[in-house]
Every structure is written in C-alpha cells, then in structure tokens.
Amino acid sequence: MFCIWIWAYRIKNAGVVDIFWAFNFSIIGVILYLVSNGLPERKMIMCAMMLIWSMRLGIYLLIRVGSHLKEEEGRYKKLRQEWAPNPDLKFFFFFQMQALSNIYLAIPFFLVCFNTNPQISVLEYIGIAVWAISILGEGMADAQLKMFKNNAANKGKVCDVGLWNYSRHPNYFFESMIWVGYFLVALNADYGWLAILSPATILFLLFKLTGIPMTEEQSIRSKGDAYREYQKTTSVFVPWFKKK
C-alpha cells in the first residue's frame with residue numbers, strides 16, 4: 001500500500017486504493033494456503049472463495065477506475081478538499097489503514113485455514129451457498145450498472161434497471177452477504193464467533209463511513225432531484241419492492 005500511495009501521489013488519483021484493497025485478499029489467501037495447517041479440503045475451499053471474490057472485485061475496480069485514471073472519483077475529490085491543505089499526507093495514512101483493514105477483515109480466513117476439524121459441517125456448506133449466491137448477485141449488480149453507464153443516452157440519469165430497481169445499493173447488499181457467508185464457514189472453527197467482526201465491520205463501513213453516505217452524497221451532487229425521487233421510492237439496501 002505504500003507503493004500504491006506513491007503511484008496515487010504521482011497521478012493525483014487516490015481512487016486506485018480500492019483496486020489494491022481488493023487484490024490484497026488474494027495475496028493473503030495464497031499465503032494462508034501455504035502456511036496454515038488446517039484440513040486441506042477446507043483450506044482449498046476457503047482460499048478458492050477468497051481468490052474468486054478478490055479477483056472478481058479487483059478486476060472490476062481495475063476496469064472502472066483504470067478507465068479514468070486522470071479523473072479522480074467524486075468521493076475522493078471531496079476528501080481531497082476536506083483534507084486540504086495537506087491531503088496527500090492524510091491519504092498516506094488512509095492507505096495504510098486500508099492495508100491494516102485487509103488483515104483485520106481476514107479473521108474468518110485465518111480461523112478456517114487453521115481449523116483441523118476432520119468434518120466439514122452443514123453450517124459450513126450453508127455459508128458456502130450464501131457466498132455463492134451473493135457473489136453472483138454482486139456480479140450481476142455491477143454488470144447492470146456498467147451497461148447502464150455505457151449507454152450515452154443514460155448520461156446524468158439514475159440507474160434503476162434490474163437489481164437497481166429494488167435497491168439503491170444492491171452491490172453493497174450482496175457484498176455484505178458475502179462476508180456473512182465467510183462468517184458462517186468460520187463458525188465451525190475454534191473461536192469461530194470472532195469471525196462476526198468482519199461482516200459487522202463491513203456493515204458499519206457501508207452504512208456509516210465510505211459506503212452508502214459518500215455514494216449517496218455524490219449521487220445527489222451529480223443527479224440532483226432525480227436521485228432524491230429515487231431515494232423516496234427505492235429501498236436503500238435490501239432489495240425490495242418499490243414504495244408507492
């Protein structure tokens with residue numbers, strides 16, 4: 001993350017932190033697979049889940065952020081203004097906190113990969129199913145948003161197609177459920193209850209810090225009354241029917 005901060009400083013685009021925050025979990029997954037002593041089948045399943053999620057999200061962000069490297073995303077522009085007159089120093093610490101969050105959020109992965117229980121429980125299979133459904137849901141939400149934005153006729157409009165018709169943030173909803181899946185898989189391990197810290201932290205970040213609040217502020221700035229009307233009729237998080 002120190003190296004990524006240097007790159008971000010040179011190109012004046014702090015948004016690249018999101019890309020490598022996602023990819024960092026792939027590195028953690030490979031290391032855990034090599035050094036942990038848990039049941040090999042369980043290790044393979046968990047590390048595969050980590051890699052699939054991390055690479056899917058990382059590649060999606062690489063394409064999205066990479067398509068406008070010279071133009072910083074609105075939420076990071078806002079942070080740059082709020083952190084003036086020395087935003088780059090504050091971004092340095094922000095990047096390091098992202099690196100620490102990678103380790104902290106990996107608690108379920110450590111618990112699972114060091115779990116030597118010879119039997120994979122029903123609860124673990126339920127967790128895998130929750131994860132699989134959620135990874136498909138998040139991928140679908142991201143694809144629908146990308147297709148909407150790629151249509152020049154939709155410039156300045158609010159995306160309300162597909163899953164976005166039922167939730168203002170379906171990608172965030174499914175992202176949180178992915179972490180619930182990791183938590184369920186980890187519950188069978190010693191001290192597995194500690195894994196609740198990861199989905200709880202993700203939900204806190206989404207609802208209170210870098211997720212929904214910043215995204216909605218930016219959407220109101222860019223789309224105005226159209227987004228305010230969308231807020232009135234559409235569930236903020238859990239996909240649900242429109243309000244009348």
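**Exercise 1.** Determine whether Tyr-191 is buried or exposed, and state where Tyr-191 lies.

*Solution.* Step 1: the relative accessible area of Tyr-191 is 59%. Step 2: buried means under 20% relative accessible area, exposed over 50%, and partly exposed in between, with a 1.4 Å probe and protein chains only. Tyr-191 is therefore exposed. Step 3: Tyr-191 is found in the loop between H8 and helix H9 (197-208); helices (H or I, at least four residues) and strands (E, at least two) are DSSP runs, numbered from the N terminus. Step 4: the backbone of Tyr-191 has a positive phi of about 60°, although Tyr-191 is not a glycine.

The model is predicted: local features need pLDDT of at least 70, side-chain atom pairs count only at pLDDT 80 or more, and totals for chains, interfaces and linings use all residues. Residues are numbered from 1 along each chain as its sequence is written, and side-chain values use heavy atoms, with hydrogens and water left out.

**Exercise 2.** Examine the backbone at Lys-12 and at the bond between Ala-84 and Pro-85.

*Solution.* Step 1: most residues other than glycine have a negative phi, and most peptide bonds are trans. Step 2: Lys-12, not a glycine, has a positive phi of about 55°. Lys-12 belongs to the loop between helix H1 (2-11) and helix H2 (16-35), and its relative accessibility of 42% makes Lys-12 partly exposed. Step 3: the peptide bond that joins Ala-84 and Pro-85 is cis, with omega about 10°. Pro-85 is in the loop between H4 and H5.

**Exercise 3.** Describe how H4 packs against H5.

*Solution.* Step 1: two packed helices are described by the angle between their axes and the distance between the axes. Step 2: for helix H4 (residues 74-82) and helix H5 (residues 87-105), the angle is about 120° and the axes are 8 Å apart. This makes H4 oblique to H5. Here axes are lines fitted to C-alpha atoms, for helices over the stretch in contact, and angles run from 0 to 180 degrees between N-to-C directions; angles under 35 degrees count as roughly parallel, over 145 as roughly antiparallel, 65 to 115 as roughly perpendicular and the rest as oblique. Step 3: Tyr-76, Leu-79 and Arg-80 in H4 meet Pro-87, Asp-88, Phe-91 and Phe-94 in H5, where contact means heavy atoms within 4.5 Å. Step 4: five residues of this contact are nonpolar, none is polar and two are charged. In that grouping, Ala, Val, Leu, Ile, Met, Phe, Trp, Tyr, Cys and Pro count as nonpolar, Asp, Glu, Lys and Arg as charged, and the others, Gly among them, as polar.

**Exercise 4.** State how many disulfides the structure holds, and examine Cys-47.

*Solution.* Step 1: a disulfide is a pair of cysteine sulfur atoms within 2.5 Å. The structure holds zero disulfides. Step 2: the nearest cysteine sulfur to Cys-47 is that of Cys-113, 3.8 Å away, and Cys-47 is in no disulfide. Step 3: Cys-47 is buried, at a relative accessible area of 5%, whereas Cys-3 is exposed at 58%.

**Exercise 5.** Locate Ile-220 and list its contacts beyond four places in sequence.

*Solution.* Step 1: Ile-220 sits in helix H10 (residues 212-223). Step 2: Ile-220 is partly exposed, with a relative accessible area of 25%. Step 3: leaving aside neighbours within four places in sequence, Ile-220 is in contact with Tyr-227, Arg-228 and Gln-231.
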